[in-house]
Amino acid sequence: MSPKASALGTSLPHESGHLHVSGEARYVDDLPPPRGMLVAQALTSNVAHGFIRRLDVRRARVLPGVHAVLTAEDIPGHNDISPFARDEELLASSEVHCIGQSIALVVAESLELCRAGLARIEIDIEPLPAILSIEAARAAGSFLSNEHVIERGHLETAFAGAKLRLEGTVETGGQDHFYLETHASLVTPLEDRSFLVQSSTQHPSEVQAKVAEVLGLSSSAVVVECPRMGGGFGGKETQAANFAALAALGAHHTRRPVKVWLNRDQDMICTGKRHPFWSRFRAGFEADGRITALEVETYSDGGFSADLSKPVLDRALFHLDNAYFIPNLRFSGRVVRTHQPSNTAFRGFGGPQGMFVVEHVLNLAAERLGLDSAEIRERNFYGPAPRNLTPYGQEVTENRLARIHSELLESAEYRARQASIAAHNQSHRWKKRGLAFQPVKFGISFTNAMLNQAGALVNIFIDGSVQVNHGGTEMGQGLHTKMRVIAAHELGLPLSRIRLMTTATDKIPNTSATAASSGADLNGQAVRQACVTLRERLKEVACGLLEIPETERAGVIFEDGQVRHPASKMTVDFSALTVRAHRDQVSLSATGYYRTPNIHYDEAQGRGHPFHYFAYGGAVIEVEVNGFTGEHRLRRVDVLHDVGDSLVPSVDRGQIEGGFIQGLGWLTSEELVVAESGELRTHSPDTYKIPALGEAPPDFFVHLLERAPQPDVVHGSKAVGEPPFMLAIGVITALRQAILAYGSGAAELSLEIPATPEAVLRAIESRREPR
């Protein structure tokens, strides 16, 4: 299809946007209730760690309207919902490991009856010592992983020769996913011991496998559908299996459809979060700000079971360098086990926590050396050999860091604004401003090579309309919009002829999660391959309709719903071609498959090629801080981001804006408060503050890097879901600049994360000169 006629690379509305705004978009809880549907609620632990001495459900079972009360003894298959470690029970059998862990399930005709049934369950839990922090877990030797080490160069020699040496600790907190749609699953029993699962999940195949395992069935007996999600952000990658399995267990025992839906409080209390990290570092610098050595020892809080904590830690280690070449280094990390809900995937998957460490180190060095934040970062960028190898030995290719730095600082008027802010700070005692530049280099691919594969099924109907099935899930990020554009481009059809279907395991089996920013990369290649197969198959039929020899098939063009042969000036409508293909007994259905090449990593050696490519971006961020209250606001944000040749620029810009604002929340407002008992105190919007419209900057300029196609990716595009999240780290750099302008009282600025107004005010007070 010619570039002029194709929708590829043009800004478009979201594929379901009209359904979102009209309220017609159906999520799991919006699906029409099947006849006889029941609902279920779990009895959860109210202690962080304990032994179940007694569990009596008899009084609940006899309550009218209650159809089943189920415990671990009622599970026909395996009592496990973990992704791979086999360390997380669906229903606790003898010991509970966190507040919110499920112990029993009440299945009833209404939520009110479920609650009444829960109140009738008699349970006695003997409290056991609970570990609730990384510090306590390290002291107790409580770990979920072995140590992972990446190192190179001569660390101690570099430290000895460094002109500036720094050391300290860095701590970043957790973050709730706070998707608009909470967890929901509806399971309907079908004939012959089979089940239909409709789940709000990023990973239908994992839900299928875990439901089958819990029920003691083969995967072929379970079909999982994901109509769409109201957000996921990683929180529905593994943890949706829990609630689908609970609903399936209820459906198995009652032989009726069962829905499990969580309200906001339940969702926040029972599910895992972004991993908190604690790191200790030593760093060495030259006098001009070039880093010569960095040692980081990092620990993440995995919660009570493994979940995805080990790969999250791995990616954190892979991103401790961010955009900077570090000649001598040692990075090490372990996951600790605490008595908290199992922490899980979250946008960035450890990358933000890793990057924050090196950015903190650069901030300290810049402040000590009197260097500008943009200047010290540019001096440490990856560059030509030998400054082009990551700590794990992968070459940094298509490096666009220097170009982004140059173009962005010019378009954002960085130098002029820097001078203007300095003048403002001199003349305003109680309101100070700060300006920062933040770069990002983020690796794209699942680091587990096996997961980098995708399938698609494309069906063309006799009337020339098309259904596209692929293994990715739509959670508002615009994946279906991009798949629709790719299919339309390859088949030369208007978008109105392409329909995206509900993601389902009976259409696309053995899928990977829609995660790691790879949804469009993987599924887009699979959709493209299926469409190319169909197009080439139809060219043979077209030769007959166009009355041209088979040797001329290469000259046949699919465009604007027409099939043309420019040399002979012959044209036929695409629908006429499909009618002829069906008459001639030519298949109008094709599958596509793609696997990412050359992904490998040897943990024992700390070397490999865990990423297909790197995504780059940069942001210039201006903040203003109130010295009376510590309140702060973004005044202006300029972003220049590398998305390759964008498939749909409007979708990519939306992802950049949303990712940045979500990162802002993690770093400045979203504070998880856990009581000494292990109880989460901040489990609703009245106590847990996510960014709203008021937190967005009044001036928010997002530009996509031009002339930057990415080789070996579908139509030269690049992933965009996660990298912009890390651009918000620059907000902390800008806040530090503003706080430093309040005085020089403390030798070194200490700013807690999240940088809430209270934390900022404490930092300001530490800067004020004594009276």
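This is a short tour of the predicted model, from the whole chain down to single residues.

Residues are numbered from 1 along each chain as its sequence is written. Local features need pLDDT of at least 70, side-chain atom pairs count only at pLDDT 80 or more, totals for chains, interfaces and linings use all residues, and side-chain values use heavy atoms, with hydrogens and water left out.

**Whole chain**

Start with a cartoon view. The chain has 20 helices and 29 strands; these are DSSP runs, helices being H or I of at least four residues and strands E of at least two, numbered from the N terminus. Its C-alpha trace spans about 90 × 80 × 50 Å along the principal axes.

Now colour by burial. Buried residues (under 20% relative accessible area; exposed is over 50%, partly exposed in between, with a 1.4 Å probe and protein chains only) make up 60% of the 771 residues.

**Stop 1: Gln655**

Select Gln655 in helix α17 (residues 649-668). Gln655 counts as buried because its relative accessible area is 15%. Its side chain makes a polar contact with the side chain of Arg347, at 3.4 Å. Such a contact is a pair of N or O atoms within 3.5 Å; within protein, one must be able to donate a hydrogen and the other to accept it, and residues adjacent in sequence count only if both atoms are side-chain atoms. Leaving out residues up to four places away in sequence, Gln655 touches Arg347, Gln477, Val720, Gly721 and Pro724.

**Stop 2: Phe243**

Go to helix α7 (residues 240-254) and pick Phe243. Phe243 is buried, at 5% relative accessible area. Show its neighbours, again without residues up to four places away: His183, Ser185, Val260, Leu262 and Thr271. Then draw a C-alpha distance to His612: 33 Å, across 369 residues of chain.

**Stop 3: two cis prolines**

Select Ala385 and Pro386. Their peptide bond is cis, with omega near 10 degrees. Pro386 sits in the loop between α11 (373-379) and α12 (401-411). Next, Ile753 and Pro754: another cis bond, omega about 5 degrees. Pro754 is in the loop between α19 (729-740) and α20 (757-767).

**Stop 4: positive phi**

Lys569 lies in the loop between β22 (562-565) and β23 (570-573). Its phi is about 60 degrees, positive although Lys569 is not a glycine. Lys569 is exposed, at 74% relative accessibility.

Finish at Arg707, in the loop between β29 (699-704) and α18 (723-727). Phi of Arg707 is near 50 degrees. Arg707 is exposed, with a relative accessible area of 64%.

Terms used. Contact means heavy atoms within 4.5 Å.
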